[in-house]
Amino acid sequence: MSTLKIRPATEADLPFVTEIYEHAVRHGTATFELIPPDLAEMTRRYRALMDGGFPYFVAALDGQVLGYAYAGPYRPRPAYRFTVENSVYLQPVIHRRGIGLQLLQRLIAECEPRGYRQMIAVIGDSANAGSIGVHTKCGFQMIGTHPNVGLKFGRWLDTVMMQLAIGEGGTTVPADDAKS
Ligand SMILES: CC(C)(COP(=O)(O)OP(=O)(O)OC[C@H]1O[C@@H](n2cnc3c(N)ncnc32)[C@H](O)[C@@H]1OP(=O)(O)O)[C@@H](O)C(=O)NCCC(=O)NCCS
């Protein structure tokens with residue numbers, strides 16, 4: 001029997017990733033991008049994350065990539081270096097089967113040994129019950145909502161900010177400030 005595998009993404013997975021994200025850009029409000037990035041752009045983004053030492057996973061079944069999740073820099077200024085922002089996207093047909101949860105849990109688990117202390121989810125659209133739900137299940141706290149900051153498909157969209165402390169979070173200051 002085939003089993004779902006959560007594994008690090010490779011460049012060979014990026015055509016699948018590009019297709020999954022293209023659907024989300026064209027039809028969804030989770031992302032505020034309006035024009036789907038092509039494979040070359042998704043490859044450039046992937047390489048930038050790899051060069052920065054960030055984790056990137058896919059959920060694969062029988063050689064098919066069903067979804068992906070990665071962590072990247074939250075904001076570029078260096079004091080944010082222990083904080084990551086996450087992204088998780090699945091093929092629409094396999095929503096609500098626990099795959100988003102598995103991807104996100106693996107991503108969080110991988111961020112701890114890499115020394116990250118906070119993970120931020122910037123969720124497009126207050127109506128995105130799936131994303132709010134999966135982040136809540138992973139222990140993220142609701143921070144608040146920026147109302148009406150995006151305009152897509154002719155309607156104003158909120159962003160919902162959720163946050164998870166990773167490892168020791170803000171209770172200690174890293175002894176080895178390796179990310180300076
Ligand atoms: C958000 C997304 C990754 C969630 O992945 P998923 O595999 O569908 O979610 P899971 O089946 O792992 O759900 C885990 C838990 O999250 C919650 N949840 C998931 N979908 C939900 C929904 N539509 N409504 C309410 N709660 C939901 C539930 O608590 C669920 O656990 P349960 O099924 O045991 O009740 C997926 O729906 C997706 O790709 N959405 C479009 C893109 C997107 O919004 N990405 C997030 C960008 S911030």
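**Close-up 1. Asp-62 sits in the loop between β2 (56–61) and β3 (64–73).** Helices (H or I, at least four residues) and strands (E, at least two) are DSSP runs, numbered from the N terminus. The model is a predicted one, in which local features need pLDDT of at least 70 and side-chain atom pairs count only at pLDDT 80 or more, while totals for chains, interfaces and linings use all residues. Residues are numbered from 1 along each chain as its sequence is written, and side-chain values use heavy atoms, with hydrogens and water left out. The phi of Asp-62 is near 50 degrees, a positive value in a residue other than glycine. With a relative accessible area of 61%, Asp-62 is exposed, where exposed means over 50% relative accessible area, buried under 20% and partly exposed in between (1.4 Å probe, protein chains only).

**Close-up 2. Asp-125 lies in the loop between β5 (118–124) and α4 (129–137).** Although Asp-125 is not a glycine, its phi is positive, at about 85 degrees. Asp-125 counts as buried, at 6% relative accessibility.

**Close-up 3. Helix α1 (residues 14–27) and helix α2 (residues 39–51) have axes that come within 9 Å and cross at roughly 110 degrees.** The helices are therefore roughly perpendicular, a term for angles of 65 to 115 degrees, whereas angles under 35 count as roughly parallel, over 145 as roughly antiparallel and the rest as oblique. Axes are lines fitted to C-alpha atoms, for helices over the stretch in contact, and angles run from 0 to 180 degrees between N-to-C directions. The contact (heavy atoms within 4.5 Å) involves Leu-14, Pro-15, Val-17, Thr-18 and Tyr-21 of α1, which meet Leu-39, Met-42, Thr-43, Arg-45 and Tyr-46 of α2. By class, seven of these residues are nonpolar, two polar and one charged, where Ala, Val, Leu, Ile, Met, Phe, Trp, Tyr, Cys and Pro count as nonpolar, Asp, Glu, Lys and Arg as charged, and the others, Gly among them, as polar.

**Close-up 4. Helix α4 has Ser-131, Ile-132, Val-134 and His-135 as buried residues.** These residues lie on the same side of α4, because they cover an arc of only 170 degrees around the axis, the arc being that of the directions from the helix axis to the C-beta atoms. The buried residues of α4 are covered by elements including β4, α3 (99–111), β5, β6 (141–152) and β7 (155–165). On the other side of α4, Ala-129, Gly-130 and Lys-137 are exposed. Just after α4, Gly-139 takes a positive phi of about 100 degrees.
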